[in-house]
Amino acid sequence: MSDKNDESSRGERSMGPWYWTQHPSIYEHILAHVKAGDEGLTEGGETLPDQAREGAGAMFQWAPGAQDGVTTHHRALPAPQEEAEAVAAVIRRFCGKPVAENRQLVHDTVLGRQVAVLVDALLRALITAGTHADRIHDLGKSLVTQSPDREPVKLGIALLGILRSQFERSILMTLGRHDEFTLFSAAALSNDPDVPMADRWELAKQVHGWGRVQAVKWLGKPEVPDIKDWLLREGYRNTVMIEYLAYTCAVNGDLRGALAQDVVDDGLLASAGDLIKTLILSTAAKGMDSYSDGAEVMESYLRHLTRRLPRDRQYQVVHVMERWLIDRHMPWEQLARYGWSHQRGESLLMQCAEVLAFE
């Protein structure tokens, strides 16, 4: 894999302001692949205009949003203060003299860098310095709408996200339909308290890869019943790995409360089974050992499932539950803070046996 932080690669693709007119902008590309009434992008929309330039010399191609997703989920990187300050310096230079040459300098400085790694430190530097808001907005919007390269677009989204009074909602919602930019769009939308939760929910529904993983996490804990229900039935589903969202959706969607009802429909029970099984088997994210509602959720799930036997046969889920109860990684004493006990575990094992007797 080529190193995007290789100093020799930075800025080589850009030769001056003409560069922006010689290559199609990413925003126009995505906008052209949005069809009213349809989710996501139309055919060809996933392949960004900078794909050939971005992948030049690389041993393999990252899936959309994958590099940023892997970085933010699995790698605890130190804050790149020096790198962030280098970008902040050229942004301040633009704010002092907002001409095309300085805009191009910002663009070229970001090329070859991974914005996801430096964005927090960069924004802190800009906010601390009290940089001119109107010019930050102009720079962010031009990067977002005109740049032919993905990292400058991500920087532009981040800049727009810190300016609540000059929000560009429709632009961010459009870019967020592509998994490569969902993380940045979701973060920007979340930064403005005036943006309704429904917008962030809509964004999460538009993507199914790394974008879904990022957008669902940025939803936080919704109070709207429809969104909580969606988290439990659909929100955790993604094309990367269900493990990444099972814990988040079980907690933020209130799986315990949903299963505490006297009656649940078949769809919810099936999704609950998916979540329980995934939490038990999870190795890449938080699982059942960290789930404070786990004991109550298992009890409620088995209660509902028993009422449906033999019509509803989620035996695979029950087998996984049974094995976890026997071979869990942590002893009951360490799980007591989550409501577990030896007696409760034995009771659940008996319920599992009753269900599996119908197998």
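Helices α5 and α6 are roughly antiparallel to each other, a term given to angles over 145 degrees. The axes of α5 (residues 81-96) and α6 (residues 100-110) come within 8 Å and cross at roughly 170°, and α5 passes α6 in a left-handed crossing. The model is predicted, so that local features need pLDDT of at least 70 and side-chain atom pairs count only at pLDDT 80 or more, while totals for chains, interfaces and linings use all residues. Residues are numbered from 1 along each chain as its sequence is written, and side-chain values use heavy atoms, with hydrogens and water left out.

Salt bridges, defined by a side-chain nitrogen of Lys or Arg within 4 Å of a carboxyl oxygen of Asp or Glu, number 20. One of them joins the side chains of Glu85 and Arg92 at 2.2 Å, N to O. Glu85 is partly exposed, with a relative accessible area of 35%, where buried means under 20%, exposed over 50% and partly exposed in between (1.4 Å probe, protein chains only). Arg92 is likewise partly exposed, at 29%.

In helix α14 (residues 225-235), Asp229 and Arg233 lie four residues apart, about one turn of the helix, and their side chains meet in a salt bridge of 2.8 Å, N to O. A further salt bridge is formed by Arg256 and Asp293, whose closest N and O atoms are 3.3 Å apart. This pair links distant parts of the chain, 37 residues apart, with Arg256 in helix α16 (residues 255-259) and Asp293 in the loop between α17 (266-281) and α18 (294-308). Arg256 is partly exposed, at 35% relative accessible area, whereas Asp293 is buried, at 15%.

How values were computed:
Axes fitted to C-alpha atoms, helices over the stretch in contact; angles between N-to-C directions. Helix = DSSP H or I, 4+ residues; strand = E, 2+ residues; numbered from the N terminus. Parallel < 35°, antiparallel > 145°, perpendicular 65-115°, else oblique. Left-handed = near helix turned anticlockwise from the far one by under 90°.
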